[in-house]
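Thanks for coming, everyone. Please bring up the model on your screens, and we will walk through it together.

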Amino acid sequence: QIIAHTKRLSDSLQLGLNDFSEALRQQDSMDTDSVKLAMQKGMGHEWREWIFNVAPREGMTGEMWLQIAEILAKMDRFDIDQAYEKQLEAYKNAAYYFPDVRYKALTLLLKNYREAGFAPGMITTAQQLYLLDEERAISAKIEYDVALAYYFLGDRKNGLTWINYHKSNHPNDNRTKALKKKIKKLEK
């Protein structure tokens, strides 16, 4: 019975991804907000209720949590209430409960924090990624994100430490010089 339930849940998530992808495609091709308004009042509202009530269930996988986060990201593009907050929760659930997707979930969480400019989240998430796999984190240039986060916080000392660390690991990254210049302009 758990297998059948998990299969139904997986099918529902795939249906949600397909529905929202198609709705976004339609919205992007139109000059009006008609699809957005239809999503907010109709299907988007129904999906919101379903996703918000999905909660951790027996048989759920980390990939399912990442699918939930992806649907919520699409919902957020339609300005559906609380979708962004629930998206972040889905990444955190995936990372916390499922070691097989932990690095991927944290990487996606870091990306969202970076896009929002939420420095404390960037720092703590980057630290978790370093603890999981330092070599992989360096390869992904996450030390740049940490330097950027400290810049956002106005922390010159830690910003310089991390941008110099980034430069030593990635001497050819063109972004380094510009960020280092900005960090140096911060008050001592």
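Find Glu46 in helix α3, which covers residues 43–52. Now find Ser12. Glu46 and Ser12 are 34 residues apart in sequence. In space, their C-alpha atoms are 13 Å apart.

One caution before we go on. This is a predicted model.

Now the overall picture. The protein chain has 11 helices and 0 strands. Read from the N terminus, the order of elements is α-α-α-α-α-α-α-α-α-α-α. Along the principal axes, the C-alpha atoms fill a box of roughly 55 × 45 × 25 Å. The chain has 188 residues, and 43% of them are buried. Its accessible surface is about 10900 Å². Carbon and sulfur atoms hold 50% of that surface.

What about contacts along the chain?

Next topic: charge. The chain carries 28 positive and 26 negative side chains. The centres of those two sets lie 9 Å apart.

How many salt bridges does a search of the whole structure find? It finds 12. Let's visit a few.

Go to helix α1, residues 2–29. Arg25 and Glu22 form a salt bridge there, with their closest N and O atoms 2.6 Å apart. The two residues are 3 apart in the helix, about one turn. Arg25 counts as partly exposed because its relative accessibility is 49%. Glu22 is partly exposed too, at 33%.

Now a second pair, Asp79 and Lys36. Their closest N and O atoms are 2.4 Å apart, in a salt bridge. Where do these two sit? Asp79 is in the loop between α4 and α5, while Lys36 is in helix α2, residues 34–41. They are 43 residues apart in sequence, so the pair ties together separate parts of the chain. Asp79 is partly exposed, at 47% relative accessibility. Lys36 counts as buried, because its value is 18% and the cut-off for buried is under 20%.

Glu115 counts as exposed, at 55% relative accessibility. Lys111 is partly exposed, at 36%. There is also a network: salt bridges with shared partners join Arg48, Glu49 and Asp81.

Now a charged residue with no such partner. Look at Lys74, in helix α4, residues 62–77. Lys74 is buried, yet it has no salt bridge. Which side chain of opposite charge is nearest to Lys74? That is Glu70, 4.1 Å away. What does Lys74 touch? Set aside its neighbours within four places in sequence, and Lys74 contacts Leu17, Phe20, Ser21 and Leu24.

Over to the surface. Lys167, Lys177, Lys181, Lys184 and Lys185 gather there in a patch of positive charge. Which helix gives the most to this patch? Helix α11, residues 175–184, does, with 3 residues. Lys185 sits in the segment after α11. Lys185 counts as exposed because its relative accessibility is 65%.

Last stop: backbone angles. Gln82 is not a glycine, but its phi is positive, about 65 degrees. Gln82 is in the loop between α4 and α5, where α5 is residues 83–97. Gln82 counts as partly exposed, at 39% relative accessibility.

Lys141 is also a residue other than glycine with a positive phi, near 65 degrees. Look for Lys141 in the loop between α8, residues 134–139, and α9, residues 142–153. Lys141 is partly exposed, at 31% relative accessibility.

That's the tour. Questions, please.

Key
Residues numbered from 1 in each chain as written. Predicted model: local features only at pLDDT ≥ 70, side-chain atom pairs only at ≥ 80, totals over all residues. Heavy atoms only, no water. Helix = DSSP H or I, 4+ residues; strand = E, 2+ residues; numbered from the N terminus. Buried < 20%, exposed > 50% of the residue type's maximum accessible area, 1.4 Å probe, protein only. Lys, Arg positive; Asp, Glu negative; His and termini not counted. Salt bridge = Lys/Arg side-chain N within 4 Å of Asp/Glu carboxyl O. Contact = heavy atoms within 4.5 Å. Patch = residues over 30% accessible without salt bridge, like charges linked within 9 Å, V, L, I, M, F, W, Y side chains within 5 Å. Areas by Shrake-Rupley, 256 points an atom, 1.4 Å probe, with all protein chains shown as cover. Charge placed at Lys NZ, Arg CZ, Asp CG, Glu CD.
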